[in-house]
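Please keep the sequence and the three-dimensional view at hand while reading.

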Amino acid sequence: MNEQKPAAPVSEGGGFLRIRMDLSYDGGPFSGWALQPGLLTVQGALEEALALLVRRPVRVTVAGRTDAGVHARGQVVHVDFTSAEWLGLTRGHDVDPAVSLKRRLRGALSRVLGALTGAIEVHDAGLAPSGFDARFSALWRRYSYRIADGTQRWDPVLRGITLWHKAPLDVPLMNSGASLLLGLQDFRSYCKPREGATTVRELQQFSFSRGADGIIVATVQADAFCHNMVRSLVGSTLRVGEGLERPEWLHERLLARVRDPKSLLAPPHPLVLEEVAYPSDDELLARAELTRARRE
């Protein structure tokens, strides 16, 4: 992903405006978030739709890239427009450019997605506060993961967002192991490392709960996630829930800092990015600078 500096102040003669957009998407039809030549991706579709509006190539920055098949309810992105492009969205009408952007972007996405119209929905758009960076200003990201253990809980209507797991799972046992992974740790054993990128993350919440309907929902929250981290955490903890491994095994794997055949990935389709949190407006730039320094 290309890093972008905070938008410059807008002047009467032009300059750039940073726009924040909050969106959700059904990840099923897409080959993940990030651009890939010849493949349909969420980023590719969104950037193509935005390009239709401002008539130039556009690059967006996202809070958290998602894998192929992973969904989002609370994704956040930013894009930089010139002041002329921002005001031009109204087409001369007396309307807030933010309102016009949402309306026109929905139409542009329909043109780009065709039969997949509705797979991406922009819920909010508007001028971002000074210093805002969708990626680096974020405090944390929170994911959910649905699991139906036992065929009696398999609901065909919800199979697209639920893992069907044949063996029964022991939720207290899973939580016992998951709690050992909390805190600032090196999650190399639970990531697919990217060249030059750190695998140190602060895992703030990792827990499992069984609802009244019998469905288990995992909640995973961290300051950020490295590639495949959530799916690896869930996949490994399933072995504990089945009784195949002791709860302490999860922490032992963490300390080993290696990937091996036991580094299992849970399927992507039940995974949902639920929320991205940001500090107050006056702390956005400081947070972005701190995060960027840590990543470097």
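## Lys192 and its surroundings

Which residues does Lys192 touch, not counting residues up to four places away in sequence? They are His227, Asn228 and Arg259, where contact means heavy atoms within 4.5 Å. Lys192 is placed in the loop between E7 and E8; helices (H or I, at least four residues) and strands (E, at least two) are DSSP runs, numbered from the N terminus. With a relative accessibility of 46%, Lys192 is partly exposed; buried means under 20% relative accessible area, exposed over 50%, and partly exposed in between (1.4 Å probe, protein chains only). From Lys192 to Ser263 the C-alpha distance is 9.8 Å, although 71 residues separate the two in sequence.

## Basis of the model

The model is predicted: local features need pLDDT of at least 70 and side-chain atom pairs count only at pLDDT 80 or more, while totals for chains, interfaces and linings use all residues. Residues are numbered from 1 along each chain as its sequence is written, and side-chain values use heavy atoms, with hydrogens and water left out.

## The disulfide

The structure has one disulfide, defined as a pair of cysteine sulfur atoms within 2.5 Å. Its partners are Cys191 and Cys226, with an S to S distance of 1.8 Å. Cys191 belongs to the loop between strand E7 (183–186) and strand E8 (200–210), and Cys226 to the loop between strand E9 (216–222) and helix H5 (229–241), so the pair ties together parts that are 35 residues apart in sequence. Cys191 is buried at 0% relative accessibility, and Cys226 is buried at 10%.

Helix H1 covers residues 42–54, and its end C-alpha atoms are 19 Å apart. This agrees with the 18 Å that its 13 residues should span at 1.5 Å a residue, the expected span being 1.5 Å times one less than the number of residues. At the start of H1, a side-chain oxygen of Thr41 comes to within 3.0 Å of the backbone nitrogen of Gly44. After H1 comes Arg55, with a positive phi near 60°.

H1 is mostly covered, with ten of its 13 residues buried; among them are Gln43, Glu47 and Leu50. The cover over these buried residues includes strand E1 (16–25), strand E3 (71–82) and helix H3 (97–113). Leu50 is also one of the residues with the most contacts inside the largest nonpolar core, which has 77 residues. Such a core is a set of buried Ala, Val, Leu, Ile, Met, Phe, Trp, Tyr and Cys residues joined through side-chain atoms within 4.5 Å. Beyond its neighbours within four places in sequence, Leu50 contacts Met21, Val58, Val60, Val79, Phe81, Leu101 and Leu105.

## Thr237 in helix H5

Thr237 lies in helix H5 and is buried, at 0% relative accessibility. Its side chain reaches the backbone oxygen of Leu233 at 2.7 Å. Apart from neighbours within four places in sequence, Thr237 is in contact with Met174, Phe206, Phe208 and Leu250.

## Positive phi values in loops

Most residues other than glycine have a negative phi. Arg91, in the loop between H2 and H3, has a positive phi near 55° and is exposed at 62% relative accessibility. Arg257 has a positive phi near 55° and lies in the loop between helix H6 (248–256) and strand E10 (271–277). With a relative accessible area of 41%, Arg257 is partly exposed.

Terms used
Polar contact = N/O pair within 3.5 Å; in protein donor to acceptor, adjacent residues only side chain to side chain.
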